[in-house]
Amino acid sequence: MVSTRVATVSDCVAVLEQAFPPAWAQSWDAVGLAVGDPEAPVSAVLFAVDPTVEVAVEAAGGAQLLVTHHPLFLRGTHGVAETGPGGRVVATLIRAGVALYTAHTNADVADPGVSDALAAALGLRRVGPLDPGHSADVHPADAQPAGDGAGAGPTVCRGLGRIGELPEPEPLDRFCARVARALPATAGGVRATGAADRLVRRVAVCGGSGGELAGAARAAGADVLVTADGRHHHVLDTVGEHPIAVVDVAHWASEWPWLTQAAARLEAGLRTRGRTVSTSVSAIVTDPWRLHVPSR
Ligand SMILES: [Zn+2]
């Protein structure tokens, strides 16, 4: 039996970086440890999409590490005074002894990653990369001998987006109801282009803003692309150019299923190192849209 020792922030970082290698992040991104002492002990970890003040307060209520998908600071930051939300988050976390770690675009392209979790939530089968060029990009970390983080399973870079199949074809309106059931509730809900009775079988997904993948999704044979942040001109052009329906959900909701997956990978990876932590997923809705009144 493996004896368990207290995990530290750096133990958690090591497991997360094996699951979501920082080298896979976009050059403009800001991933990794943003707040906290690597040597600090961790017994409870909170996962959330956005490091908002509300989420920081929740983490301060009992966690020693907050793992978020979106970075706290993406542009130059000259101070962390508590006159702005960024400073308030940093101060709230530091006062409570909570570290902050981010896996963003590196978690988008990793398999398993953000879009794999979305595909699984929708019940898709035979899920594969949307971009065939990424079908065999195995990270050198996978060549490491079993043991170091092996419990977290192998990680492969498969690029943005995934494509999979529904068990049976279903009309677009029923598919949208499936999407609504699979994701946490938001004011905006689910909206779609195309006719309600259009049959859907092959489904492309991209957690976050993936509208630019519509061409790749159609080329891969998708009937529908599920993503977020659809903009008027872009979606209008997309459905004009490609015979594909776009299903638009809240950005926050599309990435939320990843939190449970990432928490499980952290626990599994720590277990192989003889460490245990308890994990939880924040239920705070950080989708900024709070009110939706259908027009008549
Ligand atoms: Zn995002």
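## A first look at this predicted protein model

L130 sits in the loop between strand 8 (125-129) and strand 9 (137-138); helices (H or I, at least four residues) and strands (E, at least two) are DSSP runs, numbered from the N terminus. This is a predicted model: local features need pLDDT of at least 70, side-chain atom pairs count only at pLDDT 80 or more, and totals for chains, interfaces and linings use all residues. Residues are numbered from 1 along each chain as its sequence is written. Let's start with L130 and then look around.

- L130 is buried, because 25 other C-beta atoms lie within 10 Å; a residue is buried if 20 or more other C-beta atoms lie within 10 Å of its own, exposed if 12 or fewer, and partly exposed in between, with C-beta atoms placed from the backbone.
- Not counting residues up to four places away in sequence, L130 touches G159, L160, G161, R162, I163, A204, L213, A216, A217 and A220; two residues are in contact if their C-beta atoms, placed from the backbone, lie within 7 Å.
- A217 is 87 residues from L130 along the chain, yet their C-alpha atoms are separated by 6.5 Å.

**The protein as a whole**

- The protein has 10 helices and 17 strands.
- Its radius of gyration is 20 Å, close to the 19 Å that the globule rule gives for 296 residues, so the protein is as compact as a globular protein of that length; this radius is taken over C-alpha atoms, and the rule is 2.2 Å times the number of residues to the power 0.38.
- Buried residues make up 47% of the 296 residues.
- Of the contacts between residues at least 6 apart in sequence, 74% join residues at least 24 apart.

**The annotated binding site**

- UniProt, in an unreviewed entry, places the feature "binding site" at H69, H70, D108, H251 and E255; its positions are given in the numbering used here, feature names are shortened, and annotations may be inferred rather than shown by experiment.
- These residues span 187 residues in sequence, yet no two of their C-alpha atoms are more than 13.0 Å apart, so they gather at one spot.
- D108 belongs to helix 4 (residues 105-109) and counts as buried, with 25 C-beta neighbours inside 10 Å.
- E255 belongs to helix 9 (residues 251-255) and is also buried, with 25 C-beta neighbours inside 10 Å.
- Leaving aside neighbours within four places in sequence, the contacts of D108 include V114, G207 and G208, and those of E255 include V114, G207 and G208.

**Where helix 1 meets helix 10**

- In helix 1, nine of the 11 residues are buried.
- D11, C12, V15, L16, Q18 and A19 in helix 1 meet R265, L266, G269 and L270 in helix 10.
- By class, this contact has six nonpolar, two polar and two charged residues; Ala, Val, Leu, Ile, Met, Phe, Trp, Tyr, Cys and Pro count as nonpolar, Asp, Glu, Lys and Arg as charged, and the others, Gly among them, as polar.

**Backbone details to look for**

- D111 and P112 are joined by a cis peptide bond, with omega about 5°.
- P112 is in the loop between strand 7 (110-111) and helix 5 (114-121).
- R126, in strand 8, is not a glycine but has a positive phi of about 45°.
- R126 is exposed, with 9 other C-beta atoms within 10 Å.
- D229 is not a glycine either, and has a positive phi of about 65°.
- With 15 C-beta neighbours inside 10 Å, D229 counts as partly exposed.
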